[in-house]
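Subject: Structure for you to look at

Hello,

Please find the structure below, with its sequence. My notes on what was found in it follow.

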Amino acid sequence: MGFANGHSVALCNPTTDCPDVRAIHQHVGESGRIFVPVLIRVNSRVSAGQRSAGRRSRSSSSVWSGLTCGWVADRLATPKINAVVADRHKLIPAHPAHSAMPAEMPVRLRIFSLNCWGIRYLSKHCAQRYTMIGDLLSKEQHDVALLQEVWSEKDFHFLKKKLGGTHPYSHYFKSGFFGSGLAVFSKHRIHDAFLYKYTLNGYPYMAHHGDWFGGKAVGKVLLNISGLAIHVFVTHLHAEYCREPDSYLPHRVVQAWELQNFIRHTSAGADVVILGGDLNMHPTDLGIRLLQSYTGLKDCYNETASFDGCEQGFTHITDNPFTHKQELVPFGGGIRIDYVFFKGSKSVDVSCESLSTTKGPVPGQPFPYSDHEALSTELELHPSEDGKGYSNQEKDCTADKLSELVNIVTEARTEVKVGLHCAERMRYTAARTGIMGLALLLLELAIAAVPCFALGTEQPFPKASFYLLGALCFAILFCTTLLYIFYGMEVKALQGAEDQMRLALGSLQECLKAFPKGKYEGRSQTELDSRDPSTLEPDD
């Protein structure tokens with residue numbers, strides 16, 4: 001087929017000429033005619049002999065004009081081809097009327113998530129437990145395995161080698177000093193990967209906690225399963241070392257805020273969104289409510305049709321010999337801090353068919369897989385009726401939900417302001433201590449200069465004590481300077497998050513005003529006025 005500009009078009013067999021495109025099937029149009037999917041390749045300056053011989057030109061003059069899909073009718077009577085442009089990971093029809101789901105629908109996905117507690121030389125039975133985890137994944141053969149706290153790349157490569165037969169595709173996210181600890185193993189090809197490191201992640205001087213050195217982050221991989229774009233996220237948020245008072249709460253709230261922003265802004269074209277990991281937050285905590293309300297993600301534990309696991313879905317239990325039982329007793333013997341979330345799209349509905357957790361000790365093994373319990377869920381992907389999946393989500397966006405979201409963002413903004421106030425106070429303390437250290441150092445230098453200007457005058461202090469005091473003053477000045485820089489960075493990060501929340505509140509308030517006044521029945525005017533973002537300015 002030729003064009004006026006001298007280029008030629010070759011119709012390729014998608015199953016033989018284009019092996020990477022495996023999700024193309026026959027579709028029947030509304031008129032009953034069969035449409036056959038083809039790939040269109042544009043060749044420049046291809047000789048007539050090559051066209052007659054039917055050979056595929058591999059010369060440097062052959063160029064591909066992207067991955068283009070054309071739906072050619074049984075009779076090519078019209079010169080106009082209904083071609084569409086596909087993105088990197090899926091074929092998108094040019095018109096909604098031509099959209100159709102793959103023939104394999106419904107598709108079932110099995111997702112696995114586990115915090116491996118893999119601190120080499122510190123975690124108990126680390127090497128043996130990695131062997132057990134590898135055996136479990138090889139046996140169960142989940143579609144995707146999301147692992148956290150794989151702190152050593154050697155352990156990742158051990159699992160990669162062990163799972164080479166069942167999960168040939170994998171990715172390790174590198175971040176911080178020790179690494180992010182995040183790893184993904186998949187039965188399906190990973191087309192792309194990206195890492196976002198959280199701006200706040202604890203304090204460097206809290207070395208016994210170690211979160212700051214780990215570089216907590218959220219990792220994302222793109223999968224193409226049966227022609228569907230699956231966006232998979234794995235994350236690990238800052239740990240909660242004390243429930244009351246929780247000095248890390250502002251950091252964890254900011255991490256949840258950045259997480260929901262990252263998911264929303266990077267998964268706009270996804271058919272399915274999946275998030276798994278150790279979020280270190282209880283189901284009713286502010287960060288979880290913020291994440292779910294903003295992104296629309298659904299918790300597998302709340303949505304599953306069948307559950308088999310610990311009571312109330314606990315993933316940190318007293319029956320696990322690696323946990324500190326005294327810390328869990330106040331919570332009824334366990335807490336749920338590990339999650340698998342999911343969300344569909346306009347064209348795909350997702351349901352959770354089953355969810356299971358491990359239950360502490362592993363039968364036949366002397367110890368469990370980790371100090372956390374593993375999550376295993378099965379999701380079913382099926383086409384939404386007449387593409388109404390997104391419309392159903394829009395119906396849920398009522399005034400009540402907007403009001404709830406406004407309250408959640410307001411609460412998050414309050415926590416960030418509390419953290420900002422503490423960070424500013426600590427920065428001021430570091431500056432004042434540094435000035436005192438500098439003054440002492442200058443005073444000591446002045447005393448040391450006395451013998452130089454007063455001949456015959458001896459040093460009034462013993463040299464050893466004098467040098468020791470000087471080293472101490474210098475150490476104070478150096479440490480407080482580093483702390484001042486660190487707290488300055490923390491202040492900027494908290495201010496940035498607070499500014500973003502203020503803007504979001506203004507936008508949500510405008511959306512809320514668009515609803516009819518009848519939607520506000522049962523709410524006092526004072527309650528509505530209290531949500532006005534103008535009353536939440538930082539200067540107030």
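Gly296, which comes just after helix H6, takes a positive phi of about 80°. The model is a predicted one, and that applies to everything below.

H6 itself covers residues 286-295 and is mostly covered, with seven of its ten residues buried. The buried residues are Leu286, Gly287, Ile288, Leu290, Leu291, Tyr294 and Thr295. Several of these also take part in the packing against helix H5, where Leu286, Gly287, Leu290, Leu291, Tyr294 and Thr295 of H6 meet Val253, Ala256, Trp257, Leu259, Gln260, Ile263 and Arg264 of H5. By class, the residues of this contact are nine nonpolar, three polar and one charged. The two axes come within 9 Å and cross at roughly 15°. An angle under 35 degrees counts as roughly parallel, so H5 is roughly parallel to H6. The crossing is right-handed.

H5 (residues 249-266) also packs on helix H11 (residues 463-513), here at an angle of about 55° and with the axes 11 Å apart. That angle makes H5 oblique to H11. The crossing of H5 and H11 is left-handed. On the H5 side the contact is made by His251, Val253, Val254, Trp257 and Asn261, and on the H11 side by Glu490, Leu494, Ala497, Gln500, Met501 and Ala504. Seven of the residues in this contact are nonpolar, three are polar and one is charged. Val253 and Trp257 are listed for H5 in the contact with H11 and again in the contact with H6.

A further helix pair is H2 (residues 126-140) with H3 (residues 153-162), packed at an angle of about 30° with axes 10 Å apart. H2 and H3 are therefore roughly parallel to each other, and H2 passes H3 in a right-handed crossing. H2 contributes Cys126, Tyr130, Thr131, Gly134, Asp135 and Ser138 to the contact, while H3 contributes Asp155, Phe158, Leu159 and Lys162. The classes here are four nonpolar, three polar and three charged residues.

Next, the aromatic residues. The count of aromatic pairs comes to 21. One of them is Tyr203 with Tyr248, a tilted pair at 5.8 Å centre to centre and 35° between the planes. Tyr203 lies in the loop between strand S10 (190-197) and helix H4 (211-214), and Tyr248 in the loop between strand S12 (228-236) and H5, so the pair ties together parts that are 45 residues apart in sequence. Both Tyr203 and Tyr248 are buried.

Tyr205 and Tyr487 form another tilted pair, at 6.5 Å centre to centre with 55° between the planes. This pair links distant parts of the chain, with Tyr205 in the loop between S10 and H4 and Tyr487 in H11, 282 residues apart. The residues of both pairs belong to one aromatic cluster, which is formed by Tyr203, Tyr205, Tyr241, Tyr248, Phe486 and Tyr487.

There are also some backbone points to check. Most residues other than glycine have a negative phi, and most peptide bonds are trans.

- Glu244 and Pro245 are joined by a cis peptide bond, with omega about -10°. Pro245 is in the loop between S12 and H5.
- Glu149 has a positive phi near 60° and is not a glycine. Glu149 lies in strand S7 (residues 144-150) and is buried, with a relative accessible area of 12%.
- Ser226, likewise not a glycine, has a positive phi near 55°. Ser226 sits in the loop between strand S11 (217-225) and S12, and at 21% relative accessibility counts as partly exposed.

Last, the chain as a whole. It has twelve helices and 20 strands. Of its 540 residues, 45% are buried. Among contacts in the chain with a separation of 6 or more, 72% are between residues 24 or more positions apart.

Regards

Technical notes
Residues numbered from 1 in each chain as written. Predicted model: local features only at pLDDT ≥ 70, side-chain atom pairs only at ≥ 80, totals over all residues. Heavy atoms only, no water. Axes fitted to C-alpha atoms, helices over the stretch in contact; angles between N-to-C directions. Helix = DSSP H or I, 4+ residues; strand = E, 2+ residues; numbered from the N terminus. Parallel < 35°, antiparallel > 145°, perpendicular 65-115°, else oblique. Left-handed = near helix turned anticlockwise from the far one by under 90°. Contact = heavy atoms within 4.5 Å. Nonpolar A, V, L, I, M, F, W, Y, C, P; charged D, E, K, R; others polar. Phe/Tyr/Trp six-rings, centres within 6.5 Å; stacked < 30°, edge-to-face > 60°. Buried < 20%, exposed > 50% of the residue type's maximum accessible area, 1.4 Å probe, protein only.
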